[in-house]
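Good morning, colleagues. Please have the sequence and the model open as I speak.

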Amino acid sequence: MPSLQHGRPDSESSSSSPTPRRRHHGHGASKSFADGENSPLLASPSTPVERQSSDSLEGVFEAADFRIRGDAHPLAYRSPAYHSSDESCFFDFIMEKVKSTKLAHFVDRLAVDSEPGLTNAQLMLNNHDLKPVEPERRQWGPWNFVGFWVSDSFNINTWMISSTAIVSQGLSWWQSWICVWLGYAIAACFVCMTGRIGATYHISFPVVSRSSFGIWGALWPVFNRAAMACIWYGVQAWIGGECVKLMIEAIWPSFTNLHNGIPNSGTNTRDFVSFFIFWLCSLPAIWFPVHKIRHLFTVKAFVVPTAGIAFFIWAIVRAHGIGPIVHQPASAHGSKLAWGMVSGIMSAIANFATLIVNDPDFARFARKPKDALWSQLITIPAGFAFTSFIGIIVSSSSTVIFHGEPIWNPLELLQSFLDEGTHSNRAGVFFIAFAFALAQLGTNIAANSVSAGTDMTALLPRYLNIRRGGYICALVGLVMCPWNLLSSANNFTTYLSAYSVFLSSIAGVIICDYYVVRRGYLQIKDLYSAKKNSPYYFWFGFHWRGYTAYIAGILINIVGFVGAIGKQVPAGANYIYRLNFFCGFIVAGTAYWALCKFFPVPATSDVWMEVGDQIEDPSMAYGETSSEYDEERNAGGVFKGGEVTETGKMDLEH
């Protein structure tokens with residue numbers, strides 16, 4: 001019979017009853033606070049009611065007395081945080097030190113809302129934005145995901161993605177377009193694989209990564225993603241500022257000659273003011289919770305493609321055709337053509353690397369897993385290929401309109417239309433630039449702000465939520481001076497490729513852990529547990545197998561990366577690096593599987609078992625029980641005849 005490994009010893013002997021017995025609700029969950037397992041320690045705003053033992057009526061009355069008694073001190077209504085002897089005392093020590101300083105009251109006021117009854121260590125793992133999404137917030141249906149990806153596909157980077165393949169790699173337009181189709185189709189498969197985890201268990205990327213990297217080890221992949229999201233936020237905001245500049249110039253042409261009051265800064269007053277206006281107008285969008293901003297993507301899904309099609313028609317009418325690019329053959333042949341197409345495919349995947357790992361941040365709001373499957377698998381390649389096709393044809397038409405080289409950047413093309421000075425051109429440029437600005441706003445929120453906010457929430461959940469993290473991301477995007485990063489397109493492209501190497505290793509470990517090693521089984525409450533006997537605690541909270549595999553996925557590409565920045569390396573390393581995402585993903589995933597094969601991990605299933613559909617609104621506090629949420633009991637209900645053995649395995653019969 002197949003077995004389900006829970007990773008915890010069980011002293012009870014197996015039962016011969018055909019009815020599965022009810023098990024504990026997590027590690028240490030059966031122990032009450034009266035047993036001495038947990039005791040009050042530090043004041044925390046997340047624990048407004050002190051929990052007492054449920055084994056006696058005295059505990060109930062004592063809790064009631066705590067709630068109703070008056071006290072002159074404003075913090076007297078806030079109960080102490082709790083401590084478990086199974087946890088490390090590190091966070092208790094830190095909070096004791098903070099409590100003894102003058103900043104104690106200020107730090108306490110900064111704390112965000114969390115579930116009552118959590119320990120100091122748990123407060124560094126859990127808050128409202130990190131917990132599994134309850135049914136009331138699962139509001140994303142399949143059409144919301146379609147609108148999300150349609151709106152995200154219409155952005156300036158996607159518009160220009162074929163330019164490199166045509167200009168630098170020597171491909172024809174249709175060959176580069178095939179690369180876009182294939183690249184984004186592959187990326188969509190990866191997105192659906194990571195997104196299913198979030199859609200099934202309704203948890204975000206930082207929580208998903210805890211099962212494969214450890215509850216504290218997950219902080220590095222999360223920080224890695226958060227840092228890049230902040231950088232990308234600044235870059236996308238700068239591009240959005242260029243859209244704002246076109247809008248202002250379309251109304252007031254004199255804005256072009258605005259005096260530069262910031263010489264030697266790498267930019268000028270005109271461009272910085274435009275950037276700052278876009279940045280400032282983006283701030284209100286960060287305020288709204290994730291499950292509600294789907295309306296922004298719905299609006300963008302109608303407005304932006306309409307403007308893109310209008311731009312497409314405008315260019316063809318002005319050129320009296322589709323231009324010469326669609327007629328020119330490929331200049332590359334043989335192996336050069338093959339590797340050129342490989343580079344085009346990998347460019348599309350690298351452009352999507354960040355969204356591959358953080359798709360659970362959005363998919364967790366799906367009503368059911370199926371809502372986040374076909375809607376993403378079909379819309380991603382179709383939407384991005386459609387945008388790329390418009391970009392190719394419009395750029396081809398620009399060759400005829402302005403009698404020169406093709407203008408691949410749509411904003412530069414709009415500037416050329418604006419320079420002609422006619423009133424009709426100015427009106428057209430304004431509305432199309434407005435649509436592109438909306439496109440940049442939606443892309444920035446979807447790919448960067450929400451992702452950075454979710455990741456920062458995991459880095460410091462006691463004091464940060466998604467909204468605060470989003471505003472920190474916006475602030476970093478402002479002070480990082482993104483115009484300096486864009487001063488050399490080649491350096492930025494190299495940096496982007498290097499980043500996809502890191503993310504491919506993370507994706508390889510996470511996907512292998514969920515689909516191959518654990519076979520869809522996660523013990524959700526233990527992903528929020530800081531106890532040393534938690535199956536995800538591993539070695540001091542770090543999973544050495546996950547990190548070994550992660551580093552292996554990076555090392556396979558490191559020599560090729562050195563060659564990409566101009567150093568002399570063996571030719572074989574360059575060929576490997578051209579397949580960087582696949583190499584990193586395959587090596588990391590294979591290494592992780594091998595390590596888990598020889599050094600098994602706890603909390604795995606021998607059969608495919610996803611129990612996420614049983615999650616409602618679980619309590620993560622130690623000692624809490626819930627009739628609505630009991631993973632092991634529900635698992636036994638799915639597989640009839642399950643029972644707990646002495647070794648901690650549940651034998652399951654279909």
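Let me begin with residue classes: Ala, Val, Leu, Ile, Met, Phe, Trp, Tyr, Cys and Pro count as nonpolar, Asp, Glu, Lys and Arg as charged, and the others, Gly among them, as polar. By these classes, the lining of the second largest pocket has nine nonpolar, four polar and six charged residues.

This is a predicted model, in which local features need pLDDT of at least 70 and side-chain atom pairs count only at pLDDT 80 or more, while totals for chains, interfaces and linings use all residues. Residues are numbered from 1 along each chain as its sequence is written, and side-chain values use heavy atoms, with hydrogens and water left out.

The spaces were found on a 1 Å grid over the protein atoms alone: a cavity is a set of points where a 1.4 Å probe fits but cannot get out, and a pocket is an open set with protein on both sides within 12 Å along at least five of seven lines. Lining residues have an atom within 4 Å of a point. Grid points are joined across faces, edges and corners, and a volume is the space filled by probe spheres set on the points. Helices (H or I, at least four residues) are DSSP runs, numbered from the N terminus.

I return to the second largest pocket, which holds about 350 Å³ of space. Its lining has 19 residues, and His 128, Asp 129, Asn 465, Ile 466 and Arg 467 lie nearest its centre. Both α10 and α18 (466–479) supply at least two lining residues each; the largest share, three residues, belongs to α18.

Next, the cavities. How many cavities of 30 Å³ or more does the structure hold? There are eight. The largest cavity contains about 200 Å³ of space. Its lining comprises 16 residues, with Gln 236, Asn 351, Thr 354, Leu 355 and Ala 447 the closest to its centre. Several helices each give at least two residues to this lining, among them α5 (156–167), α9 (219–251) and α17 (423–459). The largest share, three residues, is from α17. By class, the lining has seven nonpolar, eight polar and one charged.

I turn now to helix packing. Two packed helices are described by the angle between their axes and the distance between the axes. Axes are lines fitted to C-alpha atoms, for helices over the stretch in contact, and angles run from 0 to 180 degrees between N-to-C directions. Angles under 35 degrees count as roughly parallel, over 145 as roughly antiparallel, 65 to 115 as roughly perpendicular and the rest as oblique. Contact means heavy atoms within 4.5 Å.

Helix α10 (residues 269–287) packs against α17 at about 55°, with the axes 11 Å apart; the two are therefore oblique to each other. Phe 278, Ser 282, Ala 285 and Ile 286 in α10 meet residues of α17 including Ala 437, Gln 440 and Leu 441.

How are α9 and α16 oriented, roughly parallel or roughly perpendicular? Helix α16 (residues 410–419) and α9 pack at an angle of about 10°, with their axes 11 Å apart, and are therefore roughly parallel. Among the α9 residues in the contact are Glu 242, Lys 245 and Glu 249, while α16 contributes Leu 411, Leu 414, Gln 415 and Leu 418. The classes here are seven nonpolar, one polar and three charged.
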